[in-house]
Structure formats: structure tokens, C-alpha cells
Amino acid sequence: MSKRKKIGSLQFTVASDSEDEEEPSIARSQEEGIFHRAIRTDAQGRTVIATSRLTVPASPTKRRPAERDLLIPDDYEFPTPEVAENLDAIPHSAFPFSGEDSFAFDEGHPLDLPRRNERESDNPMAQWVNRRARFLDELLRLEGRGDYRDQTKCVNCDRAAVEAVFRCKDCFTDALSCKECIVFTHKENPFHRIEMWNDDEFFESVTLKSLGLRIQLGHGRNGVCPGTLAKKASEADEAAAALQRGEERIHPKSPRNDFCVVDSNGIHEVKVDFCSCSLAEDHDVQLLRARLYPATTTNPATAATFRVLRDYHLVTLEAKCSALHFYNKLARQTNNSGVFQPRSRYHEFRRMTRQWRNLQMLKRAGRGHAAGGIAGTQAGECALLCPACPQPGKNLPRDGSWRNVPREKHFIYALYLALDANFQMRRNDVSSEAKDPSLGDGIAFFARVEEYMQHLEAHWGLEQEKSTCVAHDAVNEPNRESYGMAASGIGTVDCARHNMKRPKGVGDLQKGEKYINMDFMLWQSLQNYDDIVQLFISYDIVCQWHKNIWLRLLQYKPELRQRGLKRYYVWLIPKFHLPAHIEDCNILFSFNLTPFVGQTDGEAPERGWANINSLAPSTKEMGPGARRDALDDQFNDVNHKKTIGLGKSLLEKIQKAVPNMTSHRLELWEAERGLPADEVDKWRAAMEAWELDAANPNPFKLTEKHEGMQAIRGRLAAAAAEDQDADDVRGDLHAHEMIVMGMNLEEQQRQLAFDATLLKTHATDGQKTGLLERSNKLGRKITQFLKIRESFTPTVASLREADDVARTEADRPQSTPALPVPTIKLWLPSMLAAQPQISVKPSHARCEFELRVGQAHAALEELRRLLLVRTAKYQFKDLHRRGVAANTRAKTTIESLDEQIRRTSAQYRETEWTRTLRVLTPDDVRPRPRATFSDPLHKSKKRRKTGSAVDEDPGVRREQEAAARPASWIWLSQLSEDEQSQGGMTEALRIEWAKTRARAWRWTEEVDLLEEEMRRVLEFLRWKGEWWISLLAQRNFSSADGPAVAEGFLAYARRQSRIQIDLRARFEANWRDVPRFIEMGRENVKDIAEEAGIDDLTSEDEYEDEDGPVPEVPRYGQLVASLVEESLA
């Protein structure tokens, strides 16, 4: 169907493919048409766009997924094929939605076309197998001279008299050259690998050094040093004189004739001529200007190219490759035959790579431009900051307005931090601080060593309390896995929302996860953040760690106390770790229930460990300084990659958050409409009071908690220990233990009966055998139990005999069959009480009563949970499952849930005490009313009314029909009739409402946080670009530096500034539609609120009212598609 709308001066038709909006009198179409736009390039390289209308068959059996709306002006004429050939010439303004307020709408709908026939190209591996022999032939062909087999002249000098037998493995062609030409053409590529066609007719490796190539430093391209010429002349004269005297002159080895260079293609022996004229620089400077990094500063004989250092740096960051493995790769690349082994320069290479990493960190931190230079580097100054977190003076409003926002908006400018320890990153007890100091002590993520160790020594004796939660090893065994280790691991403070390490927030753990270590890291990471007064701290043992944190803080030095006090803290436990804690922790420290945290989960450090743990085999054998330098470099790279990925990651989060904000707000309002208004008002007031002051009662906590089965058994066992009644004990078995045993056997009987009913007519022998064996084992257990039961109550024997006689009389004249195991009576006290003239011991009856009530509470709670899960499965299936396979899997899952619901209901009905426990009829087992939970499928009512729901899933229809009826007592009352008559709602329903409200508010907060984080990212990148420009004036260059040095400094700062500006522009372009996207979501929230406050969404009449549609989750398909495309561009 279609609706007409007016926007501005244009009139539009909203063409919808959704069957939810079909007219009642129109049957579902068997065909559908879509517009398809094809883009191709013609022979002249021009882009040609052609638009056509395709007709495809609609699915005859399955409801199509809800697709995106197309807004098309009524008076818009689609281009003809002739016009489409020249679409580029049409002005952009001629198209609808071409203004600055337009969206990049999706063009066309996805087609469900028949699957094409399989082609050979669909299996490239099989194609290669067929061509494998030819590939092998070509590889062997390259071992010879190939296309140059008949070449008789050098390709460069074209001299026939000179033998052309040399080729270069690293040049593009395999053309053969003579010796003089191969040397001349490689003056600017002195580290290429050369091969020579020898007399045995195969290529063997030779070096450019052996062919006479010398590398001249200090004089640019083709430059010649006068000092070098003079030395050569002097050496030639000495050689001639020695020859005249008949002496054999032995040339001494010198660095220039025996120089080793490590490059990305191998390890090379070269001849180097250092400049020795009057303008000569130091040898290490001459090497650096040739992009060769010297291994030493005095008389260097080894160097590495900048290329191989960058290569190794990236490889170790991405693949966590050790220096040894990388160097061995280079050695094998030089010669892998074992005939020749290059000189080992591993130790020199490891030293050079460590220095290179440090220089790159200082360079990227602007320390070369700063007035104080390297010596003036402050603690943590080289660490990359998180652009999305609040950074005072960098990305917060400069007018200070952020300090005066309302209390409910404080969280937007709060810090979200996560602490954790990693015991994979241990370090063996090798080397020492004196032998291996850090090249940048405290300049990045690790705190200054001396300051850190002084803190630990001063407070090492502080007692660490035992855990009052579960037995956390980190609390109770802080010394675990520390023996023989200099460091048992590392602790870190991370940005909890963006997974970036904090400056000065990393430290070594000497003996496990001691509180004093983590305290120091947290307070150190807050340096320079005095203006941020609200912090959300996540830590997997925060329930224990935070208890005495203020007492410990008062004992620390003043600067730590100042950073810790005068702030507002919220302590939380990461979502994944929370279930392992006790119930109180799950309420008090939950991210899901705590206000103002959005969708933060606190698991940021855990994600980081997955990346860094592969470095552990290398770092555990390093000295303390080398290890800290390596980890600083790794953490900086992690922050860098996270920063450049913020454009995509924040975009994906906002695409998810806005629809969820709307849908969960709708879920909340629908829940509240199904509840008494006065009750909801009370709950809301209690919730708001708790959010303002956590000292108020927690609305998520049960005030009247029913005892579970284990708690009841524990209480009965404690009472039995004090019971002096010998009549309740048989051997080592007490009466309450006998009743528990009987109830367990009763449950096994019920499960066996259910499984027997599921056994099909054509069950396999294995299935029948398995069921029979279970039945036999259970029968033997019941026989033993009945003997014990008779010992407690002898009248059970007579009742069993009377029961056997009655069965025998009933089966005459036939033989009496064996009683099926599931039907054997266990004669528990409740069954005895139903027999006339049989007395039951009151203590036994009371014991079973308490156990039955606990069992009923547990069964009812499980029944509610299963019904909620089934409803969610039905909704997910109807919204997202398409195709036979997917629907079959979903149906199987729902059938399994149905079976669990039947079994749980039977478990509740097992008790016969209807005076106390309410009867559960099959009609009572139904989902909550639709008005008490989100129902994105409520439009199916209209389909049923119009008769267009012939293909709807029957299970979904039954679920919705049940949900449309009044609420069953299982949702609205306690277990007894008396409790229901009081009209009180169950605490479970109150808590469910509170959780529904929490989910809605968390998504709303998430949208607010993401919106502010996007603004902060853009502002931070703008500040960073300006900061690089500001460095241009800080360094005063002397005449000794020279204009070339000054130019390089200025060029680097400008390039870094441009990178920040370009990154900001890219993010801004990707996010250009985000403000409108968020605005749409908030407008939908307002619309839903208004509709929910005025109209009853359960009325079927509203589904027919086009002027007042039922508020539902908005369709953001077109805009989301646009955002995704931009993020991937």
C-alpha cells in the first residue's frame, strides 16, 4: 500500500513493501517490482548508470522481511535508458533529496533471486590444481636465463666483447649485465642480491662487494670525497713501493672494507668509505643521513637500514615476532643452504631495534620539537591519550560549561576506568635494574621505577583482608605463581569504554594481585585529571578491593591522597565476571543496574590481553628495562590503532544504540501500561530516590526472599543435628534425608515418564534399550527406598500389600502385569495423609511441607523464566529467521523450550496441598500479557483480522493470543490464594519492571555518551593538529644545526598536523548523518511517550488508524546503510 505525504513543496508517495500495511481487500501480490541501478564503465573509461525495473516472484509461503521505505516524489520521472547514458551531465540538484539536508538512501531492495549455477571460478583451488604442473614448470624456468638465454650483449653498454652473466634478484627484470654495468647501476641500490651464470651453467650468488662496489658516505649522489681519493692514492703508492721492494703487503682489515649491513632482504657485507674531508660529520651521523642506523656510536662496523627497522617494528607489533626469530629469518634469507653462514649480528640488531622503538616514541610525542627536549619529558608524556575520553584542556568545552551541567548529566564528563591484572605477562628473574635500565623511565605507561618501588617498600606490610565474597584467588592468594619470578604479571588501568591504556597506569606485580599495587596504578593514572570529579571504576574484585581503600589511601604519600580524595566514585564489576560473585555483588556492582554507565561492560582489559599475551614468551626472558620499553611500545601501538579506528567503532555503536534506545523505551512503556499505575508510581519514586542516593533501599533487591531447596535442606540438617528424637533416625539416615531421597526419586520417575512419552513408534533399539536400562536402575533404587521408608513408617508395608491385592483383583482372570516404574507409589507423608485412618508424624509432614513449598517456588520461578525465553525466541524467529533451515532450527529450539515448560509445570503440580499452594492449570501456563513486555509483532493482529496471515507461524499466533488475555496468576500473585487476595504484586514483577527500566535508561545513556564522545574525538583531533603547529616555535635552531635540520623539524610537525586534520575530516564525513540519526531516535522516543500516555496500545482499532499509528521501533534502514557505507569507504 502507499501513503501520501507533503514535505516542503514536493508531494511524495511512501511506497512500502511491508505486508503489515496491506489493504484488507487486496490479496498478497504474487509478483513485486523493484528499481535496479547498474553502474559500469564504457570503452572510453566513462561511468555509465542505467536504471531499470525488475519483476521478481514473491515468496508464496514465507512472510518477507520488513524492508526499507522508498520516498519518491509523485511528479518525479525516472530517466529513460537514453538519458541514463548521460546521467553525469544532469545537475545534482535535479534529483530528489539533493540538498544539504538529504540522506544517502539505499537504492533498491535486496533480491531473492534463484541461485545461479556453479562455475569453475567458484573453486579457485581446484582450478589451480589443474594448472599446478604449469606453475611448477615456470618456477623451474626462472632458475635458468629464461627469455635472455640467447643474449650475447650487456643490456646496458651493448658491448659484445664483454660477457653478460650477471642479473639482480631484486630488480624487476632478469636481464643480464656485465660486471661494470651491474656495479654502476646498483650504486643507489647497494643491498640488492646479485647472481652470476657460472661455467657450470647455473646461477650462483655473488656480492656487490666482491664485484668492486664501494659505498661513499657524506657526499650525496655520485659524490666523491677528496679525503677518500687521497687515501686511495696513498695506499696505492704504498703498495707500489712495497712491490718494488719485493715485499708482500697485507691489507689490514678496517670497518670500511668489512662493514655489515642488515637489510630487509638479508645480511650484506659491503665496503664503506666514510667522508674524511674538512666537512665530515661523525661516522654515526654519516650513516644516519644515508638511512643506515649504526650499531654503535664509536667506529661503527654494523648498521641496519631504516627499512628493516621499520619492517621489524611493524612485524613485532602485529605478529609479536621476537628479534631472534626475525633475525634468523634474515639469516636464512641470505643463505639457506648451509654452505655459507653470514656473520652473526643478532645482539647488535636487538640493540638497534630497541633504540629505534624509543626514538620513534619520542619523535611521535614531539619531544624533538619541545623546548626541553628529551631531558624535559614529563611522566607519561609519550603515551597516546584516548581522544574519546574527557581530556581537560584538550577536548572539553573551553568555556568550562561542562563543570556546571545538571547532576543527571555529570556522567557525560565522567571517567570510566577498568583495572585488571594479567599473570601471563610474567618476567623471569634475569638481569637487574642496574644492568638493564629503561630507555624511557616513566615517560609512557609504566610509572617511574624508583617512585613505584618506594611506594611498595613503604606499604608492603599492609594486611590484605580475606574475601567475604566467593574465594577469589586474587584476594586470598596474592602470592600465587610468584616464586622464581621477578614479576608475576602486570596490572593496568584502562579506559573502560574504548579499551586504551592509561598513562602511568601500568605496573609490575611482584607477588600476585596485591591491593597496594593496584592502588598506586589507579591514583597515578589520575594525574592531570583533577578537574574530573566523577569516576566509574571497574575491577573484577572491586567488592573486596574498595572496602578499605580510603584507609589505605590515608597512609599513602600526599600527592596520591590529593588525587584520590574529593571525587565521586562508583564501584562496579565487569559484566562477564559478575555472575561468579555472590548475589549481593550482582545487585550492588552491576553495570546493567547502575545508572549513568550506558552500555559499558568493564571488560576492556580482557580484550587487550588477547592481543598482548602472545608477546609473553619474548618478554618473560627480557631484562626489566627492555621489557618495559617493549610493552610501552606495544601499548602505544594499541592506542594508536584504537584511535584511527574510532571513526568506525563509534559509528557502529551509535547505529546499534539509537534503535535500541527506542525499542527498550517502548518496552518500558508497554510494561507500565499492563501494571497498576499507583504501583508503578511507587516503584518509580523508589528507583529515583536510589539513583540520587545509593543509601536508599535498592529497588533491585528482594526484600522477602523465598528459601531455595538447598537452604531449606541446610536448615533441616541443622535442626536434625540438635534433634534428640531417636525415632527419626534409622542407622545414619535422618527422616528429612529420607524425604529428600523420596522427592528426588519422584522427580526421576516424572522424567522417565516424560521421556517414555517422547519415544516414537519407530524408535531405534538403542533408544529403547537406554530407556529400559534407566527404568531398571530406577526400579532397584525405589525398591531400596521403600525398605527404608517402611523402617520409618511400618504401616507402609500393609498399604503396599493392600495395593497389590487390589491390582490383582482388578486384573482377574489374567495374570497381573508388573507395575510400571513411574507409577510406583513412594508413600511420602503427603500420600499417607490422604489414606483413611492413617496417622502421619507431624515432624515428617512439616518437613515435606517445607521442601514442597521450596520446590514449588523454584518451579514457578523457572516456569516464568522459560515463558519469557520462549516469547523472546518466537519474536526473534518472526523478525529475523528466513528460509527453511533457519526456521527449522528455531522451531527445534522452541519445541525444546515447550518440553521444558511442560516438565516444570508438572513438577509444580506434584504437590497436592491446594489449601496452601495454588493449583496450576494448563490454562494458567501462558506468557505475560502483551502490554507488560515489548511486542514488536503486534501488527500481526491486523493480518489475522484481514485474513492475510495464512502463512504466519502457528506457534507465534498461539503465543500472541495467550499474551492478549488477562495476566495469569503466576505473574501477578504469590503461591497462595490468601496472598493474591491482598492485591499485592510479586516482588519478581517489581524487579522485572526495574530491570526493564534500567535497560531503557542504559541505552538512552549510551546514546548520550556516544554523542559526546564523537564530539570529543573531533575536538581532540583539532587540538592535536593545533598542538603540532604550536611546536614549531618552541625549538630554537642554532647556526650549527643548519637549515636542513630546521626544515626537517618543521616538515615533520606540519605533516603530523595534517594527519590529525585529515583524520578529523574523515571522521566528520563518516558521521555527517549521525546528528540527524540521533535526532530521529529522540523524536521517536518523544512520540512513543506521547502515544503511550494518551492511547491504549492494546486496542485493535488503532492498528487500522493510519493517522495515529501505534508507536514502534522506527526503521532506520536507509540512514544506517548510508552510515555503514561511509564507514567502509
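Predicted model: local features only at pLDDT ≥ 70, side-chain atom pairs only at ≥ 80, totals over all residues.

Colleague: OK, and how many bridges join E12 to E13?

Modeller: Three bridges join them, and E12 runs antiparallel to E13, which covers residues 302-305. Strands here are DSSP runs of E with at least two residues, helices are runs of H or I with at least four, and both are numbered from the N terminus; two strands pair if DSSP finds at least two bridges between them.

Colleague: What's the strand order in that sheet?

Modeller: The order is E9-E11-E10-E13-E12, in an open sheet of five strands with mixed pairing. E9 (214-216) and E12 (292-294) stand at the edges with a single partner strand each, so one side of each is left without a neighbour in the sheet. From one strand to the next the twist averages 40 degrees, where angles run from 0 to 180 degrees between N-to-C directions and axes are lines fitted to C-alpha atoms, for helices over the stretch in contact.

Colleague: Which strands does helix H7 touch?

Modeller: H7 (residues 323-334) packs on the sheet and touches E10 (259-263) and E11 (266-273), its direction making about 75 degrees with that of E11; contact means heavy atoms within 4.5 Å. Helix H8 (residues 346-364), in turn, lies across E10, E12 and E13 and runs at about 110 degrees to E12.

Colleague: Switching topic: is strand E14 mostly buried or exposed?

Modeller: Buried: eight of the eight residues of E14 (residues 415-422) are, so the strand is largely enclosed by the rest of the structure. The cut-offs are under 20% relative accessible area for buried, over 50% for exposed and partly exposed in between, with a 1.4 Å probe and protein chains only. Leu415, Leu417, Leu419 and Ala421 point one way from E14, whereas Tyr416, Ala418, Asp420 and Asn422 point the other way.

Colleague: And in what order do the strands of its sheet come?

Modeller: This open sheet has five strands in the order E18-E17-E14-E19-E20, again with mixed pairing. E18 (501-509) and E20 (568-572) are the edge strands, each pairing on one side only, and the twist averages 20 degrees from one strand to the next. E14 pairs with E19 (residues 534-539) in the parallel sense over five bridges, and with E17 (residues 489-495) in the antiparallel sense over six bridges. In E19, Leu535 is the bridge partner of Leu415 and Ser538 that of Ala418, while in E17 Thr492 is the partner of Asp420.

Colleague: What lies across E17 and E18, and at what angle to E18?

Modeller: Helix H18 (residues 624-644) does, running at about 145 degrees to E18, and helix H16 (residues 604-612) lies across E14, E17 and E18 at about 45 degrees to E14. In H18, 17 of the 21 residues are buried, so that helix is largely enclosed by the rest of the structure.

Colleague: Which residues have the most contacts inside the largest nonpolar core?

Modeller: Trp523, Phe536, Ile537, Trp545, Ile654 and Trp1071, in a core of 84 residues. Helix H19 (residues 646-673) supplies the largest share, nine residues. A nonpolar core is a set of buried Ala, Val, Leu, Ile, Met, Phe, Trp, Tyr and Cys residues joined through side-chain atoms within 4.5 Å. Leaving aside neighbours within four places in sequence, the contacts of Trp545 include Leu419, Ile537 and Trp571.

Colleague: Last one: where does Gln855 sit, and what is it in contact with?

Modeller: Gln855 has its place in helix H26 (residues 842-880) and is buried, with a relative accessible area of 9%. Apart from neighbours within four places in sequence, Gln855 is in contact with Met709, Met743, Arg750 and Gln907. The axes of helix H22 (residues 735-758) and helix H27 (residues 884-909) come within 11 Å and cross at roughly 145 degrees; among the residues making that contact are Arg750 of H22 and Gln907 of H27.

Conventions. Residues numbered from 1 in each chain as written. Heavy atoms only, no water.
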